[in-house]
Amino acid sequence: MRIVDLSMTVEECDSAPFAKDEYYFKLRPIVTWEEKGFVSNLVEMTVHAGTHIDSPHHFVRHMPGVEQIPLEAMIGEAIVMDLTFKGTANARIGPEDLERAERALRAQGITIEPDAMLLLRTDWPKGHVTTDPKWWDESPCLTTAAAEWLVAKRPKVLGYDFAQEEKGGDYEKAEEILTSGMRVHRTILPKVAYQIENLTNLHEIPSKVKVIALPAKWKTESAPARVIALID
């Protein structure tokens, strides 16, 4: 068996690509090597740093948070939708693009069934510094119509290797995200067990593969996750 890590490495970063008032990921030493011969750190971070899981509670107050996500939903066979033809700066992914990716899956004998774990692959992380606001600002994104197409398939889980929130109208840049209507999030999160943001290395896995996505068991709307694929 080969294991592929689908998670980003999160390093200390003073800039916050999404909200200037948040620490993206910052270490504060409690114990140093010089003082005690070992090291211990405090972490200050947004729960949306790096590869992470968004629960429905992120946008729907009465719905489950991360600590309530069923374990059964964290392990399963994932289907990878190849959208690399839209993996370019400022691309908009619409229903017609998802239909094209679905046709390619059918040609391989793969059908999207209800309760599927769908991973959307654009290969956008290749060659980009993910803590640079340009990673978000110029990322491909889903249109609201594409989000509606996805939830109509009734997936259990959706995952992305790009900044999926639709740009246009109320926001364009990462620093403006909190003032936007977040239409894609609001369309998807009430309809899934959770979504995975900021995946990477989707080019290293086949179109159908076993995936394990384990978030930290935090009583929050979102939490960092280690996501891996198991290839026979």
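## Aromatic pair

The structure, a predicted model, holds one aromatic pair. The rings of Y160 and F162 have centres 5.9 Å apart and planes at 75°, so this pair is edge-to-face. Rings of Phe, Tyr and Trp (its six-membered ring) pair if their centres lie within 6.5 Å; planes under 30 degrees apart count as stacked, over 60 as edge-to-face and the rest as tilted.

Y160 is buried at 0% relative accessibility, and F162 is buried with a relative accessible area of 0%. Buried means under 20% relative accessible area, exposed over 50%, and partly exposed in between (1.4 Å probe, protein chains only).

## Basis of the model

Residues are numbered from 1 along each chain as its sequence is written, and side-chain values use heavy atoms, with hydrogens and water left out. Because the model is predicted, local features need pLDDT of at least 70 and side-chain atom pairs count only at pLDDT 80 or more, while totals for chains, interfaces and linings use all residues.

## Two arginines

R121 is placed in strand β7 (residues 117–121). Helices (H or I, at least four residues) and strands (E, at least two) are DSSP runs, numbered from the N terminus. R121 is buried, with a relative accessible area of 17%. Leaving aside neighbours within four places in sequence, R121 is in contact with V80, M81, D82, L83, T84, D161, L202 and H203. Contact means heavy atoms within 4.5 Å.

R100 lies over the face of F85, at 3.7 Å from the ring centre. A charge sits over a ring if NZ of Lys or CZ of Arg is within 6 Å of the ring centre and within 35 degrees of the ring normal.

Helix α4 covers residues 144–152, and its buried residues are T144, A146, A147, W149, L150 and V151. An α-helix has 3.6 residues a turn, so residues three or four places apart point the same way. R154, which follows α4, has a positive phi, near 55°.

G94 is found in the loop between β6 (92–93) and α2 (95–107). At 5% relative accessibility, G94 counts as buried. Not counting residues up to four places away in sequence, G94 touches T143 and A146. G94 and A147 are 53 residues apart in sequence, and their C-alpha atoms are 8.4 Å apart in space.

## Position of V39

V39 lies in the loop between α1 (33–36) and β3 (40–45). With a relative accessible area of 38%, V39 is partly exposed.
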